[in-house]
Amino acid sequence: MNRIGHFVDGKRVSGWSERHGDVFDPATGRRTGAVELASAADVNRAVEAAERAARGWRDASLSRRTAVLFAFRELVSARRERLAEVITAEHGKVLADAAGEVQRGLEVIEYACGIPSALRGGFSENVSTEVDSYTLRQPLGVVAVISPFNFPVMVPLWFVPVAVACGNAVVLKPSEKDPSAALLLAEWFAEAGLPDGVLNVVNGDKEAVDALLDHPAVRAVSFVGSTPVARYVHQRGSLAGKRVQALGGAKNHMVVLPDADLDLAADAAVNAGFGSAGERCMAISALVAVEPVADALVARIADRMAGLRTGDGRRGCDMGPLVTSAHAAKVRSYVAAGVEAGAVPVVDGRDVTPDGDADGFWLGPTLFDHVTPDMSIYTDEIFGPVLGVVRVGSYDEAVELVNANPYGNGTAIFTNDGGAARRYQHEVEVGMVGINVPIPVPMAYYSFGGWKASLFGDLHAHGDDGVRFYTRGKVVTSRWLDPSHGGVNLGFPTQT
């Protein structure tokens, strides 16, 4: 049995915690590890290590920081297959999807490698007589990252490289369901030259989360998870005087207009609805068909679903299991509730025959037609491979439906009408919009985040918002009445 501890002050540590959680292989149902669940005292040790490291790291030159980030990028790139295997073994997503997750994380590392440009300030000469003003952005100190189970590599990499590049020290608490990938990332960061204590990993549950939210030395918290927990993290962290960005849940709508390419839309619906078994905050779970396209679109989607293979992610299947037995049971209960409420089960994933161990946490892709907004399969974030089709009569009705939803994470519209697309991107009350793109996750140099109940806080993840979140602005006004002269040095100027 694999015993999974923590990573603190530059090394793996274990035996700290009395409590443990189970780690499973979702494709077999077998228990593969025991992860230590940190106490408040354990978290305090990690924060103390980060505090010590932060004092020196904030003064490290930008050249040194970027050298570490470039080296880390090379290590992750060279070992991406190993990282994908660890993701699949603990989360269950298929290897190809896990590899894609690593690639999106690499893009944020590459963005962080350009931190010297992102941290440049402004300068104004002679704002008054012989007085200059300029701006600086300086690190906060110790920051915490609390990441979810569904992206054990990508989500930590949304935050950690940017926070470290800005000069902060980080305490990362990954999901206790799939903790091993985060420990590998911490080891590889250390191998790349990151000083001991700048990145620490503590595994745990709510006790560890509360300890990070309450700790006076933690200046900021980044969180991704469900909306109820995101709201809790934002409220508790804010009351403790911290800067908080808490990204919550979603109910992402894909609107298909009558002029759309229905084959393209059907491909997109299947890809966005069932990739990673629907365990994505950007998954499409509500397809809004503007009549008269619903019948033709549902038929196309069902035809594509018939060719999907559900099974062990290491066997070349299209979709893997759900992350835990409890979560699989919860998603199955939503399917049952949808049938009971009167939605039409075009494809019922409960009937799937998986290419995998019988004890795996299986549920096949599921498609409902004639879903109405009062059904739980529409109102709730299911976080599983369940796609519901809602039929509406017009574009205006579609927009009204999307905007009435309490979530505002991502949305997509499929159309060949540029005017309709432009109108939709303007009118829809959602933070990330795709036009003929089903999962509009922005590139690393833009920022990720939703609106309404999908985000608590003002600043989004990575991109410009990420840099602003992990730094504080300072304005300096200076007057130098006498010029100073240095010694003669004919050598070529260098960075140190």
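**Ground rules.** I number residues from 1 along each chain as its sequence is written. In this predicted model local features need pLDDT of at least 70, side-chain atom pairs count only at pLDDT 80 or more, totals for chains, interfaces and linings use all residues, and side-chain values use heavy atoms, with hydrogens and water left out.

**Entry on charge.** I looked for a patch of positive charge on the surface and found Arg137, Arg219, Arg243, Arg472 and Lys474 gathered in one. Patch residues have over 30% relative accessible area and no salt bridge, and like charges are joined within 9 Å. A salt bridge is a side-chain nitrogen of Lys or Arg within 4 Å of a carboxyl oxygen of Asp or Glu. I then took arginine 219, which lies in strand E11, residues 218-224 (strands are DSSP runs of at least two residues, numbered from the N terminus). Arginine 219 is partly exposed, at 41% relative accessible area (buried is under 20%, exposed over 50%, partly exposed in between, with a 1.4 Å probe and protein chains only).

**Entry on cysteines.** I looked for disulfides (cysteine sulfur atoms within 2.5 Å) and the structure holds zero. For cysteine 113, the closest cysteine sulfur is that of cysteine 166, at 13 Å, too far for a bond. Cysteine 113 is buried, with a relative accessible area of 7%. Cysteine 281 is also buried, at 12%.

**Entry on lysine 173.** I found lysine 173 in strand E9, residues 169-173. Lysine 173 counts as buried, at 3% relative accessibility. From lysine 173 to isoleucine 439 I noted 266 residues in sequence and 26 Å in space, C-alpha to C-alpha.

Methods:
Patch = residues over 30% accessible without salt bridge, like charges linked within 9 Å, V, L, I, M, F, W, Y side chains within 5 Å. Areas by Shrake-Rupley, 256 points an atom, 1.4 Å probe, with all protein chains shown as cover. Lys, Arg positive; Asp, Glu negative; His and termini not counted. Charge placed at Lys NZ, Arg CZ, Asp CG, Glu CD. Helix = DSSP H or I, 4+ residues; strand = E, 2+ residues; numbered from the N terminus.
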